[in-house]
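The structure is shown below.

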Amino acid sequence: MPELIKSPTRVPVPGGKVIDEYVGRVNTGHEAVSVAHMIAPAGWDEPAQTPEFDEITVVLKGTVHVEHADGVLAVAAGQAVVTKGGEKVRYTAPEGAEYIAICLPAFSPDTAHRDE
């Protein structure tokens, strides 16, 4: 039977970014996948991470920068990027961005392995 998700759960994070998780460990208990809507203010960044999950980022507005071992990708509105588990990446949004993040398996702070 289909499961209606009436609303997301807002996940508190520092730095002014808004995370509304629709599917995942927090809102629905799903461990295989997480789907979240994110709004990052201008100047937002986060520490580098080497996650255990793959992440698909679909940019709706603005540009998300993805730093990786070979350089930096600028992912603009209407584009997407796939990062693979085990590769070190760092996300930033110098001018702000709105995007959807899909993680396989579901995002967990314990499996993100963020730098200190």
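## The largest pocket and its surroundings

Strand β3 gives the largest share of the lining of the largest pocket, 4 residues. The model is predicted: local features need pLDDT of at least 70 and side-chain atom pairs pLDDT 80 or more, whereas totals for chains, interfaces and linings use all residues. Residues are numbered from 1 along each chain as its sequence is written, and side-chain values use heavy atoms, without hydrogens and water.

The largest pocket holds about 530 Å³ of space. Of its 29 lining residues, V13, K17, I19, F107 and R114 are the closest to its centre. By class, the lining has 18 nonpolar, 4 polar and 7 charged residues.

K17 lies in the loop between β1 (9–11) and β2 (18–23). Its side chain makes a polar contact (N or O atoms within 3.5 Å, one able to donate a hydrogen and the other to accept it) with the side chain of Y99, at 3.3 Å.

The structure holds 1 aromatic pair (ring centres within 6.5 Å). F53 and F107 form this pair, which is edge-to-face (planes over 60 degrees apart), with 5.6 Å centre to centre and 65° between the planes. F53 lies in the loop between β4 (44–45) and β5 (54–68) and F107 in the loop between β9 (97–104) and α1 (109–112), so the pair ties together parts 54 residues apart in sequence.

Buried means under 20% relative accessible area, exposed over 50%, and partly exposed in between, with a 1.4 Å probe and protein chains only.

| Residue | Relative accessibility | Class |
|---|---|---|
| F53 | 1% | buried |
| K17 | 9% | buried |
| F107 | 27% | partly exposed |

Notes. Phe/Tyr/Trp six-rings, centres within 6.5 Å; stacked < 30°, edge-to-face > 60°. Helix = DSSP H or I, 4+ residues; strand = E, 2+ residues; numbered from the N terminus. 1 Å grid on protein atoms, 1.4 Å probe; cavity = no way out; pocket = protein on both sides within 12 Å on 5 of 7 lines; lining within 4 Å. Points joined across faces, edges and corners; volume = space filled by probe spheres on them. Nonpolar A, V, L, I, M, F, W, Y, C, P; charged D, E, K, R; others polar.
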